[in-house]
Structure formats: C-alpha cells, structure tokens
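Please look through the structure shown below before reading on.

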Amino acid sequence: MYEQDNEELLVIKGLHKEYNDLIVLKGIDLKIKKGEVVVILGPSGCGKSTLLRCINGLEKIQGGDIRYKNESIVSKDVNLQDIRQQIGMVFQSYDLFPHMTVIENILLGPLKVQKRNKKEAMEQACELLDRVGLLDRQDSYPRQLSGGQKQRIAIVRALCMNPEIMLFDEVTASLDPEMVREVLDVILGLTKQGMTMIIVTHEMNFARSVADRIIFMDEGDICETSEEPEEFFTNPKTERAKHFLNIFQY
Amino acid sequence: MQNLGIKVLFQGMNLQRLIQGLGVTGRIAFTSIIIGSIFGMLLGIVWTSKSKIIKFLCRLYLEVFRIIPILVWLFIMYFGVTTALNVDLSGETVAIIVFTLWGIAEMADIVRGSLESLPRHQIESGKAIGLSNLGLYRYILIPQAARRMLPGAINLATRMIKTTSLVVLIGVVDVIKVGQQIIELSRIEVPTASFWVYGFVFILYFIICYPLSKLSKKLEAKWSD
Amino acid sequence: MNLNWDFIIESLHLYGEAALTTFRLGFWGILFSLFIGVICSIILYFNIKGLGKIVKIYVELSRNTPLLIQLFFLYFGLTKVGIVLSEEACAIIGLSFLGGSYMTEAFRSGLEAVGVTQIESGLSIGLSKLQLARYIIFPQAISVSMPSLGANCIFLLKETSIVGAIAVMDLMNITKNLIGMYYQTYESLFMLVVSYLIMILPLSFFLTWLERKVRYAEFGN
C-alpha cells in the first residue's frame, strides 16, 4: 500500500515500448522517491524522452507497468486526467498556446480542469510568475516573448496545477545559449523547495549540480545508475557512459 | 417506368449528340486554357518587375476578374461589348475571349507566386556565374518555378473546365444545351429524361475533372518538400 | 457612352429587390456551407468510422462538377423522380452542396495544422478531449483556415450569379429581361456590375479585416 514515509511516488516495472517494429524501451525498471531529483542522460534516440512521455500517459506501452502512488496509469480504467494534473510536464518546444495570453495559458488548467476559484488561482499564478521574473508579461502573447521567457512560462503553467512531480523533457535544447541559464535557474529553485523531478537534459554541468541520482540510458535500456553524480561524471562504470561523456569534452 | 428512363441516353443519335456537345465545351475550354497559359506565363514574368505601376496594373487586372463573377463577364461581353463595337460575336467566341482573359489573369498570378517563392540566392548565384536576365529566367528560374506552379495551373484548368458549363446561358449549343434539347424532345415518351440526362452530364464533368484534381493534389504532395 | 440615368433610376427598385434575393440566397448558402464544412471536417479529422468514406465521396463529387449542373439536376432532375423543390430552396441546396465541400477542405486543413505538440501540451495539463477541442484545437484551426474560409465566402457569393438559370429572379435574370425588353444594354449591365460590387467589396474588406484579427496562430508559439 501507499506509505507516507519514504514513499515511492513512481514505480516503473519492466516498461516495454515499441513503435511499429522498433523497440524503444526494453524493460525499464525505475523507482522515484518523493523529493528526489533524477537526471536522465543518454545519446539521442536512447529512449529517454519516450520514457518521460510514457510516464505522462502520452504513449501507449506494450508491456510492463507504471504506477503512480501505487495506482497503475496504464490500466484501462485509470483516469489519466487526474494523474496528469499531478504529473507536470514541460516540453522542449515550450508549446504555449499561441492564441492565449500568458495568464490565460497558465490559468487554463487550474480553472477549466481543476475548477478552482479564479481569485485564488490568479494569486498563485502571479506569485509563480513573480518568482520566474515575468510578472509584467502576464498579458503578453507567446509570440511576443523570447524562447527563454516562453519556457519559463511553460514551467509556471505546469507548476500552477500544483503537481507532485515534474517532468522536464530537454527544456533547454531549443534555446539560444544565453537563455539556457534563466531556465535552469528556475529548475534549480524548484530543487530547493523539494520538488520531485525527472529531468532529461544535455546540460552536463547542470545535471551534475542538481541530480540526486543520475540515470544513464542507451539503446532503450538503463545502462548505469549512480547515486553519486560526481562519481558518475569523473569515473563512469560502463564503457558506453565513458564514451558518451567523452563527446562532451574538448 | 423510372428504371427504363436511362434508355433515353441511348435512343437514336442521343449519345452521339451529347458527345458532340461535349466537343464544343471541350473546344472552348481547351482553346482558352492554352492561350491563357501562354500569355499568363508571359504576364506573370512581367508582373515580377520592380516597377510599382506594372505591379499595380497586373493586380488590378486580376482583381477585376476575381471580384466580378465570370457569368457577369460573359453577359458584359455578349450583350455589352458586341453592341458597343457593333460586331456580331458568336456565344462561343465570346466565351473563349472571356475565359482566356480570366485564364491569363489567374495564370499570371500563379506564375508570379511561384517565381517570387524562389529563394533570392538562386537569382544571385545565377548572376554570379554571369547569366543575362533572359538566361536567368531560361535556365534557372523557370525550370524551378515550373514545379511549383504546375499543381496550381492544373487546378486552374479544372476550374475553367467546370466554368465552361456557363456558356449554355449565352446561347452556345454545348453539352448541356444538347441535353436540354433531348429532354425537350422525349418529354412525353420518357418523363424522367431530365433526371437521366442531367445525371449523365454531371458524371461526364466528374470524369473529366476528377483525374485532374487528383493529379494536382498528387503533384502538390510530391513537390511540397 | 452616355448612360440613360432616368432608366437607371426607374429600374433601381428592380435591382434592389434582385440584389436582396441574391444576397439572401448567398447568405443561407454560405451559412449552410459552413455548417456542412464543420460537420464533415470533424468527421474526417476524427476519422469517424463509415462516415469518413461518404464525406470523401461527397467532397469529390461536389468539387469536380459545375454548380450549374448540380442545380439543373436538383431542379429539373429530382422533380421528375418525385422530389419537388422551390427555385429558391433549390438554389440554396445547390450552393450549400457546392460550398460545403470547399468549407470542409478549408476547416480540415486548419484542423490538421494544429500541431501534435499542442495537443500533447493540452493533455499534459489534464484537459479532457472535449476541452482540448474547445480551448486548443478549434480556436487554432479556425485561425489557420480563416483566409480560405473568407475566399470561399466570396466564391459562393459570386456563384449565386448562376442560380438565375433555374428561374430565380436574381440580378442576372433582371439584367437579361431588361436588355431583352428595353434594349437598355449598357444601363442594365452597369447596374449589374454595381450591384455585385456593392455586395462583394464590403464583404471582401470585412474578411480581410477579420483575417488580421484572428491571425495569431500563424505566428507560431
């Protein structure tokens, strides 16, 4: 049963995923505890993004189980809408809704899905916007914002649903270099508040400083898990991780 | 008997006459599409000129045909221009003139659109290897633009073919008029004649236009990347 | 060319009435076309079983045949097999049959232009399918298809010129009658063109304005 102490928020067992005949995830096992920050690393096409998408129920899976608070999110009678409110996700391409202002983007979920009180939701949205330094942009349209600003708004949009866990899918990958920092700072701020997070990224230094645990994936499988990020970066155990890390060094 | 109504199509010379009517329709469509395409291409090239006046005149010419319905143009030409110039033009000639003028305008717009959609560096690299203006069009721009304009041009042809149906309204004996004559003649003998004849003409147009629009869609999909 | 202004003034009310008829037919035709377009494009977009094929056949039949034949078939053809329709009803049905397929294509391309990531993004904040359609998919699709929808409206209003062929007392028939009865050719044609300009130009400007207003989706996110 679901325990309050030392709880495992998310348990993935033998997750198997394939597109047509291509096997993308080969039986992934993973447990995420409350408050943990897990960074997933790996070369392109290793299945790390697919893993995140499966956790948010955006992909059909062919085998295994994903349990959130001990409830399977892959069973037929699960209410995915409920689960998704508790699992926030931020995408690489921001994907703000272009026809809505910043504040409308943020409040869509809280008001229409969670049916919360407008005043209270608005207060929370403003507080979050203030925290990411964009309070003055609440009436702007996404097209008027820079990439970094859009991504910070996308994070606020997910946070305003009060999720228990946040998934970040290469959120800095399509940003100009000078904007990466402002987005990473926001995520760093979240770690300090004890938010549970799974982060897929290529920012090695960032991974090193925020991760409680590093997971290295390759070819649809977890190759290496390390509770000591420093250790992983300086002295990886597997050849594949070594090879991968070498690419990032000049 | 409704089931036997279809026999009206095969009585006597009926089928042959309908096909002959279709020939008139085809002649009008074919002539205007060919002349319209040739002059439309030339005008399209002229349209890409830098001169604001030329651009404006071309746009005006196109809009005049776009805003006023083609049937109104047929009326203007058939009743108005013939009276004004005191010439006696047959419905068929009037139709060819109007469709050609319309075809030129639309074709020019297609050509202009595809020429302007070509990346600038194509022109620059053409000039860089010393091509003259004529050579630039002949070897670089037109071959590339041709691909982009073909789907639109085929679409235009389909539209023109469909619009030829209007010529019956200015007295041309086209496939529809022949159909009406047949219906008139067999009114007593085959009361449901109009159902079958108009149904047949409907299918005739479909058989001609459907492959063309399919082709245009295919080319568009194939060349879109 | 001197126009006989007395004649023009005398025939003004005739053109006024005819223009109203044309406009009324165009209005209903466009309205029903939009309605058919929305329904059919939704059927195609969500690939609703069985109906998708029927919609596809309808679109092809409607787009690849002339309105004039569609009208003759409805008005003369169907009467003979027992379905009797008034001229105006026929005209509206014909226009809607034709316009419906154009609107279907316009809406469908709008729906297809809504990115998968937009939909996933909506799902990830817990929107239901209905909410997703209402708040994310439809507003963006309408914005994208606005230019083609506008062009279709103009197209349909122009196509109303053809309904005179089935004895509706529209602008074309009035013109033809006046030319036939009084030989006032230039005046009648002049009034005809002016009537169409009065109807089409404002609509055209209005649509251009509307297009600018709802253009947000084109600017990406």
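**Where chain A meets chain C**

A salt bridge joins the side chains of Glu120(C) and Arg53(A), with a distance of 2.3 Å from N to O. The model in which this pair is seen is a predicted one, and across the interface of chain A and chain C the rule finds one salt bridge. Across that interface there are also nine residue pairs in polar contact, both residues of each pair being at pLDDT 80 or more. On the side of chain A that touches chain C, the elements that give two or more residues are helix 2, strand 6 (87–90), helix 3 (102–113) and helix 5 (147–159) of chain A. Of these, helix 3 of chain A provides the largest share, with four residues. Sorted by class, the residues on this side of chain A are 13 nonpolar, six polar and eight charged.

How many residues of chain A are in contact with chain C? The number is 27 residues of chain A, and they are in contact with 21 residues of chain C. The size of an interface is often given as the accessible area lost when the parts come together. By that description, chain A and chain C bury about 2,100 Å² between them, with 59% of it on carbon and sulfur atoms. Within chain A, the residues that lose the most area to chain C are Pro98(A), His99(A) and Arg143(A), which together account for 26% of what that side buries.

**Where chain B meets chain C**

Two pairs of chains touch in this model, and the most contacts are those between chains B and C. Here 37 residues from chain B and 35 residues from chain C take part in the contact, and the two chains bury about 3,300 Å² between them, 77% of it on carbon and sulfur atoms. The rule finds two salt bridges across the interface of chain B and chain C, and one of them is formed by the side chains of Lys214(B) and Glu60(C), at 3.6 Å from N to O. Seven residue pairs in polar contact are also found across this interface, again with both residues at pLDDT 80 or more.

On the side of chain B that touches chain C, at least two residues each come from helix 2 (52–67), helix 3 (70–85), helix 6 (133–163), helix 7 (175–185) and helix 8 (193–223) of chain B. The largest share of that side is supplied by helix 8 of chain B, which gives 13 residues. By class, the residues of this side of chain B divide into 23 nonpolar, ten polar and four charged.

Chain A and chain B, in contrast, are joined by no contact, and their closest C-alpha atoms lie 22 Å apart. Chain C, which touches chain A and also chain B, has a secondary structure of nine helices and zero strands. The C-alpha trace of chain C spans about 70 × 45 × 25 Å along its principal axes.

Rolling a probe the size of a water molecule over the atoms shows where empty space is left. A search of the whole structure finds one cavity of 30 Å³ or more, and about 40 Å³ of space lies in the largest cavity. Which residues line the largest cavity? From chain A they are Met89(A), Val90(A), Phe91(A), Tyr94(A), Ala154(A), Arg157(A) and Ala158(A), and from chain C they are Ser121(C), Ser124(C) and Ile125(C). Strand 6 and helix 5 of chain A, together with helix 6 of chain C, each supply at least two residues of this lining, and the largest share, three residues, comes from helix 5 of chain A. The lining has seven nonpolar residues, two polar residues and one charged residue.

The second largest pocket has a volume of about 670 Å³. Twenty residues line this pocket, and those closest to its centre are Gly57(A), Glu59(A), Lys60(A), Leu80(A) and Arg84(A). Two or more residues of the pocket lining are given by helix 2 (80–86) of chain A and by helix 6 (116–124) of chain C, and helix 2 of chain A gives the most, with three residues. By class, the lining of the second largest pocket has nine nonpolar, five polar and six charged residues.

Technical notes:
Residues are numbered from 1 along each chain as its sequence is written. Chains are lettered from A and ligands numbered from 1 in the order in which they are written. Side-chain values use heavy atoms; hydrogens and water are left out. On a 1 Å grid over the protein atoms alone, a cavity is a set of points where a 1.4 Å probe fits but cannot get out, and a pocket is an open set with protein on both sides within 12 Å along at least five of seven lines; lining residues have an atom within 4 Å of a point. Grid points are joined across faces, edges and corners, and a volume is the space filled by probe spheres set on the points. Ala, Val, Leu, Ile, Met, Phe, Trp, Tyr, Cys and Pro count as nonpolar, Asp, Glu, Lys and Arg as charged, and the others, Gly among them, as polar. Contact means heavy atoms within 4.5 Å. Buried area is the accessible area (1.4 Å probe) that two parts lose on being put together, summed over both. A salt bridge is a side-chain nitrogen of Lys or Arg within 4 Å of a carboxyl oxygen of Asp or Glu. A polar contact is a pair of N or O atoms within 3.5 Å; within protein, one must be able to donate a hydrogen and the other to accept it, and residues adjacent in sequence count only if both atoms are side-chain atoms.
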